[in-house]
2 protein chains.
Amino acid sequence: MRREPRVIGKPTRCTDGLEKVTGAARYTEDIRLPGMLYARLLLSPHPHARVVRLDRTDALRVPGVVAVVTEADLPEGVSSEFMAEEEVRYTGQPVAAVLAESEAAAADGLERLAAAVEYSELPAVLTPAEAMRDGAPLVSEAPEEDEDTEMQAHATIAAEGVKEPKPSNVADRYHFARGDVARGLREADLVVERTYTTSRIHQAYLEPHATVAAIDPVTGGITVYASTQGHFEVRDAVAEALGRPQHEVRVVPMAVGGGFGGKFAFFEPLVAALAVTVRRPVRLVLTRHEDFLMSNPGPECTIRLKTGVKRDGTLVALQARIVFDSGAASGAPASIAGILLGGYYRVPHLDIEALEVLTHKPPNGAYRAPGAPQATFAIESQMNVMAAELGLDPVEFRLMNAVNPGDPMPNGRPWAPMGLRPVLEALRDHPHWRAREKADGVGYGVAIGGWPGGLDSASACVRANTDGTFQVVLGIVDLTGTATTMQLIAAEVLGVPPERVRVAIADTDHAPYAGPTGGSKTTYTIGAAVKLAAEDARRQILSIAAAELEASPDDLEITDGKVQVRGTPQKAIPLAEIAEESMRFGAKYPPVFGNGQLPSPESSPGFAAHLAKVRVDRETGQARLLDYVVIQDVGFAINPAAVEGQMRGGAVQGIGWGLLEGMVYDEHGTLANGTFADYAIPKAADVPPMDIVMVEVPSDSGPFGAKGVGEPPVIPGAAAIANAIADAVGVRITDLPITPQRIVRSLPR
Amino acid sequence: MRREPRVIGKPTRCTDGLEKVTGAARYTEDIRLPGMLYARLLLSPHPHARVVRLDRTDALRVPGVVAVVTEADLPEGVSSEFMAEEEVRYTGQPVAAVLAESEAAAADGLERLAAAVEYSELPAVLTPAEAMRDGAPLVSEAPEEDEDTEMQAHATIAAEGVKEPKPSNVADRYHFARGDVARGLREADLVVERTYTTSRIHQAYLEPHATVAAIDPVTGGITVYASTQGHFEVRDAVAEALGRPQHEVRVVPMAVGGGFGGKFAFFEPLVAALAVTVRRPVRLVLTRHEDFLMSNPGPECTIRLKTGVKRDGTLVALQARIVFDSGAASGAPASIAGILLGGYYRVPHLDIEALEVLTHKPPNGAYRAPGAPQATFAIESQMNVMAAELGLDPVEFRLMNAVNPGDPMPNGRPWAPMGLRPVLEALRDHPHWRAREKADGVGYGVAIGGWPGGLDSASACVRANTDGTFQVVLGIVDLTGTATTMQLIAAEVLGVPPERVRVAIADTDHAPYAGPTGGSKTTYTIGAAVKLAAEDARRQILSIAAAELEASPDDLEITDGKVQVRGTPQKAIPLAEIAEESMRFGAKYPPVFGNGQLPSPESSPGFAAHLAKVRVDRETGQARLLDYVVIQDVGFAINPAAVEGQMRGGAVQGIGWGLLEGMVYDEHGTLANGTFADYAIPKAADVPPMDIVMVEVPSDSGPFGAKGVGEPPVIPGAAAIANAIADAVGVRITDLPITPQRIVRSLPR
């Protein structure tokens, strides 16, 4: 930009804030269609079993119950994608759907049906260790080759580790190697080996999964209203499951009450299949407990990590085995975890094996920065263990070994330009770090976290209205205020105040393509497309103005709602008039309609560094955060309010990973904490004062230098907290979450 | 096009036919919104009066009635556009609205309100003759300067006749002159003078006017569901009436049950103003009788026409005075009528005065080819009178004088390239004309009709889907199957079968701009934009394929759902794969998204020639059509089935003009035939066998040579029928409709 920004770079209220906080936003659950049926799902109570009897008689006797549908009842060529056929493979797998005229009738029908189904239990494997044993029951006869597409939404990086032969129930195995790790370990002055475990973490969105599907009785066209992070992805999944061309499926993105990776295409094909089967609109809204039971949380992970370091602090070797419990379907972020685990620091000798193992637990999905908190907890804990053993400052130790742009990642690809070092320097110079106090039970922990960033092609349209206002037409889902960011980008380019620009989010029938919202890529890719589209519209406007004013476009500027000859305000034409000249009977110019399209841009990884100050109560084991610093390279903050919201919210979730969260399954594979009364997420009282520090190392590709900011802030938290606890009370906890029990148990008595 | 068309040029069923004929299409009346109120309007029973008392008490006592709203109750800055303030200016003008929880309660409330309103009657002028008298009461203190914008939707031609000082109640006066008309008349061998009158004609759509408006309780944004020919026009009108920026108004175009010019922006601002006032959704659906009373039909017209001709058939002078009864607001098509009246034939001396006169009758609007049937009835009747007097063949007489492209219109502008002569030649050579039989009471009449064509800028988008199908995103309203035409255009360009292309019509939030549907310009302008957009998408596809196949784009062709190297079918890549490569995580190409924009193209006037064969019963005066020939230059018929539908339907409406239709007002300004029981439109039994003949003189600007085809077929009918009746029984009827009474009265006794 040649001139100072007028609109961007200032904290701006989100355009949809008011309707969200007043409860006026329309969610999927609010939809009522004529003739709509309410669905409830019968979920398997067993991790592995055969359905031997399913008697619908009693359920169908409930007044208002219209149908009981199993996978076998679906029309030919239609699949539900994940309703059980004969064998259930995890506790919580849908076995049948009860469809009724009301939610209450559906609930009654479900109760009767549950009493009329018999299972024959089969041996189940509930942990990767059991699953990989020779002769273990196979979770899937032929596990699909996972192409990591879900994960690519988040981090589009090539997993070029070799895929090698796999033990029983291993869906995917990646191997990244460089140098000679055995030699590296031999040459090290210090070798540290630890095993780190992280828990299965639910995305804990406020709104459970919800979908309404309706079939047009004449055309057969399908409309799906979905609480989703990506309506194009849902469209593709529904079309595929129903064997229809994509243009017969319209997906309307509703307001989303939180996603955090849990709301990519999920059970929309099931709901659409039910609607096709009964030829009536069908609504399915999960209860909170059902959502905990059957949805797709982030997977638990075990990482055995062995590192070798020279006395001067030079890392020389890293060897690791990462094992994800992928549940009953492949899709765990093994490759990303491997790349990040070995990617933050320069290390000449490296050997990482990353496995996805199938078990009879619910399949997992994406959780904000999939694989990154797990890998980062391991490497960033280990960095502090090494620093402590060598008597090095943990920040200086990190700075000494931190990768620079161009250094290789474990997959051999070079790191793109990024700001790891500036972020670490900002941490080193932060007053909270420089002035740390020594007090009993109080400790400080630092950790970094990086995210390669999702990449996607992107498109956007910017249309003028004939009163001089503008419409940005997009196919995004706005989870975090990105629509407001797009408004600011367009307003900046067009030279108008933001209130003259409206972002109109379209359904899959009308929207220019946008990938799902996730992977810290919405502002980065779609924002760039909006900028191109606004520039295109601006060019068209200036060209019309130039013709009307008999001036060169280069001499024109847009100001105060009009185009004027620079320095000659009396030679001016209002934007409204320009638009009108392009959109009316007999218009002599083409309609002002800007178009922006781009392929996946170059990657701009985002790095964060966190500092946690903690006080640990040695009696109760309670770790209480006293202060928190969130430093992040955001490239350029187009809407600092929204960026701060992302950094703050991500850091809070990181506190959940570190201290509170984890889904607990008993030995029968039954979830023990499937409600918000039992599953602990951070509450306001758990959140300490936070200092939010934005570092701005501009991206070459992002709009106005912006980088994706969504995932990085959730990554370092657990490690920073573990390091702070170690600093406070001298014990190293390697299992997440770090509950009071675990601390008490670890403390020397 | 280098190759033979594969898709276009073949009769194709309209994509929305099934839902229309099965009743499954959703019309505005079908909408039910939570909290929606039903509105009924109190219509004035007097043509001119003051409202002296309006007591709401009784109406508000009706259970379910929520509010009675007058113009004075609207919030500041909000206008209803046409609800009366204190003075009513026509019978049928809305005076107040009753809003109730049900249609029945609204009807009851309306009845009570009607009984509780008192008017003080004022002197009214009900005909242009009365209105123009010195000292006549003024219908409007300061009639707005009419810019003919409504009419420009239909025929974008400059009315460069001079506007001159106007008598009382004359809203607009155009004067077109060329040569010296007095000299021309002196030099003529034959001078004919006649006065022609045409009636006020209702568009007689099946679906009465209907609108639903809802205000978002939080954002204040307005959504309007409308039965309209142009949702952008409605958006602009609503935003203007409510004092809002356009981007706060979203207009959703619903299925339209017929428009024929009657459904441009109409009472949508009133309904939106009511919704703003009561802060609840409001629905207004007119009853059939209300629609007859208050909607905007085509205006009655009186034309005094004096023509001079040489003995050899050369026209030398044309003098005319055209007077439109515009009702209580300006907007009659005076300028177009003047241009057409003097535009079909070369005439060196010409003087045309065209007036729009305000009266205390309901305002008029557009009727298919506004002004053209009126002007054409006059000139085409007159042509036959002259031919008969001179003993000339009426077709040869027309061919002798017909304008050629480049000849001046009355406004001095040259006629664009067009096919008047080929159409007349096709008529001359048609077997029905060549082999006309002589029989008592049987006659043949011919007439031509031309339409300059509406012009508008246009835009369209064509998006690929990742399964190899396509979406055409448009802002049009499809009244006549144009969406199917757009589908064919895109499929032809993209080289795929039509079923792989879906036309998705978007609301004003998401659509690329399209002008209202009217004026024979949708296929002509938007079709051209779709072609550009599809070509753009095709270029993007070929460029991706070229990169993937390592070939030159010039060597590639699209066939069978894939792109292949011409002559090397084994070197191919499916369209689905190309789309996928452009729209997925990490896509290396920009999304395939074609964009087409164009300014108003050059005009391609459309000409038609009709031949009517009639038998007149001298006893009853009944004129019965025996045969009918509809010849039209359509440029190129992209979907011949749809073009034939237009030609046939227009011709049938022309029969209505000629023989049946006319709104009758009594001396108090009260409509006498305001129901379909009283207002006669053609029924199946009134329609003779029709021979539909398409002449194809390709347009340089229309897609694949297509021209607009909507208006021309309604234009010549009345004149052809009048000429046939004159041929059959020797009497010249100059007043429309030509009822049996008029014929009987004219026959010599």
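A residue is buried when 20 or more other C-beta atoms sit within 10 Å of its own, exposed when there are 12 or fewer, and partly exposed in between, with C-beta atoms placed from the backbone. This is a predicted model, in which local features need pLDDT of at least 70 and side-chain atom pairs count only at pLDDT 80 or more, while totals for chains, interfaces and linings use all residues. Residues are numbered from 1 along each chain as its sequence is written, and chains are lettered from A and ligands numbered from 1 in the order in which they are written.

**View 1. R436(B) in its loop.** R436(B) sits in the loop between α14 (431-434) and β17 (442-451) of chain B; helices (H or I, at least four residues) and strands (E, at least two) are DSSP runs numbered from the N terminus. Because R436(B) has 15 C-beta neighbours inside 10 Å, it counts as partly exposed. K613(B) is 177 residues away along the chain, yet the two C-alpha atoms are separated by 8.9 Å.

**View 2. α7 against α8 in chain B.** Helices α7 (residues 231-242) and α8 (residues 268-278) of chain B pack at about 45 degrees with axes 9 Å apart; axes are lines fitted to C-alpha atoms, for helices over the stretch in contact, and angles run from 0 to 180 degrees between N-to-C directions. That angle makes α7(B) oblique to α8(B) (under 35 degrees is roughly parallel, over 145 roughly antiparallel, 65 to 115 roughly perpendicular, and the rest oblique). On the α7(B) side the contact uses V234(B), A237(B), V238(B), A241(B) and L242(B), and α8(B) brings E268(B), P269(B), A272(B), A273(B) and V276(B). Contact here means C-beta atoms, placed from the backbone, within 7 Å. By class, these residues are nine nonpolar, no polar and one charged (Ala, Val, Leu, Ile, Met, Phe, Trp, Tyr, Cys and Pro are nonpolar, Asp, Glu, Lys and Arg charged, and the others, Gly among them, polar).

**View 3. α12 against α13 in chain B.** The axes of α12 (residues 394-401) and α13 (residues 420-428) of chain B come within 10 Å and cross at roughly 165 degrees, so α12(B) is roughly antiparallel to α13(B). V395(B), R398(B) and L399(B) of α12(B) meet R421(B), L424(B), L427(B) and R428(B) of α13(B). That gives four nonpolar, no polar and three charged residues.

**View 4. Where chain A touches chain B.** Here 51 residues of chain A contact 51 residues of chain B. β24(A) supplies the largest share of chain A's side, four residues.

Technical notes:
Contact = placed C-beta atoms within 7 Å.
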